Amino acid sequence: MFVAEESAEPVGMAFGTVDRERAGAAHLGGMWTEPARRGRGIGQALAEAVFAWAHERGFDHLVLWVTEGNTPAIALYERLGFAATGRHDRLPAHPALGTFEMERTLCRPPAILQ
């Protein structure tokens, strides 16, 4: 788990786990940034930490699930090189909310797309 802090206050978090459905894939999860501090690069820094963690462990792909309609998160993930895979599901805690999977290749050292 990676935690972003400002003045010793936690302002964001993300974690990486092994994707049990696919060999060679890791999962980016728990991505959150305090709403008042969004748009300042915290999410990108957290994602980069997970990219480095996954790359160091030899994973080929990084996958995540994002809530449909979460436009800021989807835009961030697309800027980071993720693309939709076509897989859809429902959020277990809130079945009325749809989610979809996104994936990014990690075959070479991770580089943030500008």
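1. Aromatic pairs. The predicted model holds three aromatic pairs; rings of Phe, Tyr and Trp (its six-membered ring) count as paired if their centres lie within 6.5 Å, with planes under 30 degrees apart called stacked, over 60 edge-to-face and the rest tilted. F51 and F82 form a tilted pair, with 6.0 Å from centre to centre and 40° between the planes. This pair links distant parts of the chain: F51 belongs to helix α1 (residues 42–56), while F82 sits in the loop between α2 (71–79) and β5 (83–91), 31 residues apart. Helices (H or I, at least four residues) and strands (E, at least two) are DSSP runs, numbered from the N terminus.

2. Surroundings of the F51 and F82 rings. Ring pairs join F51, Y77 and F82 into a cluster. F51 and F82 are both buried, where buried means under 20% relative accessible area, exposed over 50%, and partly exposed in between (1.4 Å probe, protein chains only). R104 lies over the face of F51, at 4.3 Å from the ring centre. The criterion for such a charge is that NZ of Lys or CZ of Arg is within 6 Å of the ring centre and within 35 degrees of the ring normal.

3. Basis and confidence. This is a predicted model, in which local features need pLDDT of at least 70 and side-chain atom pairs count only at pLDDT 80 or more, whereas totals for chains, interfaces and linings use all residues. Residues are numbered from 1 along each chain as its sequence is written, and side-chain values use heavy atoms, with hydrogens and water left out. The mean pLDDT of the chain is 90, and 93% of its residues reach 70 or more; pLDDT is the predictor's confidence in each residue, from 0 to 100. Among the elements, the lowest mean pLDDT is that of strand β1 (residues 2–6), at 93, and the highest that of β5, at 96.

4. Overall fold. The chain has two helices and six strands, and from the N terminus on its elements run β-β-β-α-β-α-β-β. Its radius of gyration is 14 Å, close to the 13 Å given by the globule rule for 114 residues, so the chain is as compact as a globular protein of that length. The radius is taken over C-alpha atoms, and the rule is 2.2 Å times the number of residues to the power 0.38. Along the principal axes, the C-alpha trace spans about 40 × 35 × 25 Å.

5. Contacts and surface. Of the contacts in the chain with a separation of 6 or more, 56% are between residues 24 or more positions apart; contact means heavy atoms within 4.5 Å. Of the 114 residues, 33% count as buried. The accessible surface comes to about 6,800 Å², of which carbon and sulfur atoms hold 53%. Accessible areas come from the Shrake-Rupley method with a 1.4 Å probe, and for residues only the protein chains shown count as cover.

6. L64. This residue is found in strand β4 (residues 61–67), and L64 is buried, with a relative accessible area of 1%. Neighbours within four places in sequence aside, L64 is in contact with H27, L28, Y77, F82, F100, E101 and M102. Y77 and F82 in that list also belong to the ring cluster with F51. The C-alpha atoms of L64 and T33, 31 residues apart along the chain, are separated by 16 Å.

7. A54. Helix α1 contains A54, which is buried, with a relative accessible area of 0%. Not counting residues up to four places away in sequence, A54 touches A26, F59, L62 and L106. Between the C-alpha atoms of A54 and H27, 27 residues apart along the chain, the separation is 8.6 Å.

8. E78. Helix α2 holds E78, and this residue counts as partly exposed at 48% relative accessibility. The C-alpha atoms of E78 and M102 are separated by 8.8 Å, at 24 residues apart along the chain.

9. Neither is a glycine, yet S7 has a positive phi of about 50° and A8 a positive phi of about 65°. S7 is exposed, with a relative accessible area of 73%, and A8 is exposed as well, with a relative accessible area of 66%.
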